[in-house]
Amino acid sequence: MTSRHLAITMGDPAGIGPEIIVKACVGLKDRIATGDLRLLIIGSGAALDGAKAALGAAIAIPEVSADDRDWPNLCFLQADIEGTPIKPGVLSADGGRFAYKAIEQGVRLTQAGRTSAIVTAPLNKEALNKAGYHFPGHTEMLAHLTGVRGSVMLLAHGNMRVSHVSTHVALEDVPKRLTPERLRLVIDLTNDALLRLGISKPKIAIAALNPHAGEGGLFGRQDIDVSAPTIAKAVADGLDVIGPVPGDTIFVKLRAGQFDAAVAMYHDQGHIPVKLLGFQVDPATGRWQELSGVNITLGLPIIRTSVDHGTAFDIAGKGIANEHSLIEAIDYAERLAAGASASKS
């Protein structure tokens, strides 16, 4: 049976999305040629052609229509009509418009079963807002487009898998977001994702919100009053969950393989350890050489993975962006799609 295409959304065409997509397609060309991997790129045709020309990439990416019955293994779908040329590294409302329209088409095709998952390149939140789409990020936009409330962000780099109770909220609002219902949802969705990734008996650790998990109430009571009883209920229901584990040691233990995933309480608590390990820096120049890490949205009716970095306007169009994170995101999307298919059979 031939696998379905993965929808690759370009993100903001002014960012590094077009470049890393072309590089990923070149790097994966052997798998694409055999049909082992099938990709549908959605975005700006002008930006894609510009990236191919700048990189000298001799790879054919024919344009298709969403209604075409059959698509070639590698193909391109125009997300919206082209406007004023979008220049690399220049923020514009048109860049935000294309980022939104590509996501919208990717969601629609995946919900219709034409594509098995959506893999997203980075967008610029300011450009998105200038275009009239007022979302804090991809996660919230996808929840809106699919009619879901309560999605969860999971970051992955190697065996570092970290899901989040809260993400794009002010730090002062984080304690209010920690409720028994929200924490249990994050635990259940993380456990389900690990099963789909082939981990038969997932073990999950819950990070403490407060220093020393509250130190008996001296530093806050959320870990004692909310997290501990929620964890106990999950264990009683048959899940392998431990915690609250103090935030200053939980990620060292996760890296050591003591758990399969950790649940972070807020954005930076979870993002910092994953990015610290996933981003490799050239000591001579101080530049990032390697960007590793995948962002997975849990709780949607579709599978969505993403690169774990931004649009990098400062290097867009210079031919030096690294495609590693995008290839990882494609790999995770394939694995999750296969796991979802196996669970239905």
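**Spaces and helix contacts: a quick briefing**

Search the whole structure and you find 1 cavity of 30 Å³ or more. Keep in mind that this is a predicted model. There's also a pocket to look at, the largest one holding about 760 Å³ of space, plus two helix pairings: α8 with α9, and α4 with α6.

**The cavity**

- The largest cavity holds about 30 Å³ of space.
- Its lining is made up of Ile-8, Ile-21, Ala-24, Cys-25, Leu-39, Ile-41, Leu-326 and Ile-330.
- Sorted by class, that lining comes out as 8 nonpolar residues, with no polar and no charged ones.

- The largest pocket is lined by 30 residues, and the closest to its centre are Ser-116, Ile-303, Leu-336, Ala-337 and Ala-340.
- Elements giving two or more residues to this lining are β4 (115-120), α8, β12 (294-298) and α12 (324-344).
- Helix α12 turns up again here, giving the most to the pocket lining with 7 residues.

**Helices α8 and α9**

- Helix α8 (residues 180-196) packs against helix α9 (residues 222-236) at an angle of about 45°, and their axes are 10 Å apart.
- Because of that angle, α8 counts as oblique to α9.
- On the α8 side, the contact is made by Pro-180, Leu-183, Arg-184 and Ile-187, while α9 brings Val-226, Ser-227, Thr-230, Lys-233 and Ala-234.
- That gives the contact of α8 with α9 a class make-up of 5 nonpolar, 2 polar and 2 charged residues.
- As for handedness, α8 and α9 cross in a right-handed way.

**Helices α4 and α6**

- Helix α4 (residues 93-111) and helix α6 (residues 138-146) pack at about 50°, with 11 Å between their axes.
- So α4 is oblique to α6.
- From α4, the residues in contact are Tyr-100, Ile-103, Glu-104, Val-107 and Gln-111; from α6, they are His-138, Met-141, Leu-142, Leu-145 and Thr-146.
- Split by class, the contact of α4 with α6 has 6 nonpolar, 3 polar and 1 charged.
- The crossing of α4 and α6 is right-handed.

Note on methods. Residues numbered from 1 in each chain as written. Predicted model: local features only at pLDDT ≥ 70, side-chain atom pairs only at ≥ 80, totals over all residues. Heavy atoms only, no water. Axes fitted to C-alpha atoms, helices over the stretch in contact; angles between N-to-C directions. Helix = DSSP H or I, 4+ residues; strand = E, 2+ residues; numbered from the N terminus. Parallel < 35°, antiparallel > 145°, perpendicular 65-115°, else oblique. Left-handed = near helix turned anticlockwise from the far one by under 90°. Contact = heavy atoms within 4.5 Å. Nonpolar A, V, L, I, M, F, W, Y, C, P; charged D, E, K, R; others polar. 1 Å grid on protein atoms, 1.4 Å probe; cavity = no way out; pocket = protein on both sides within 12 Å on 5 of 7 lines; lining within 4 Å. Points joined across faces, edges and corners; volume = space filled by probe spheres on them.
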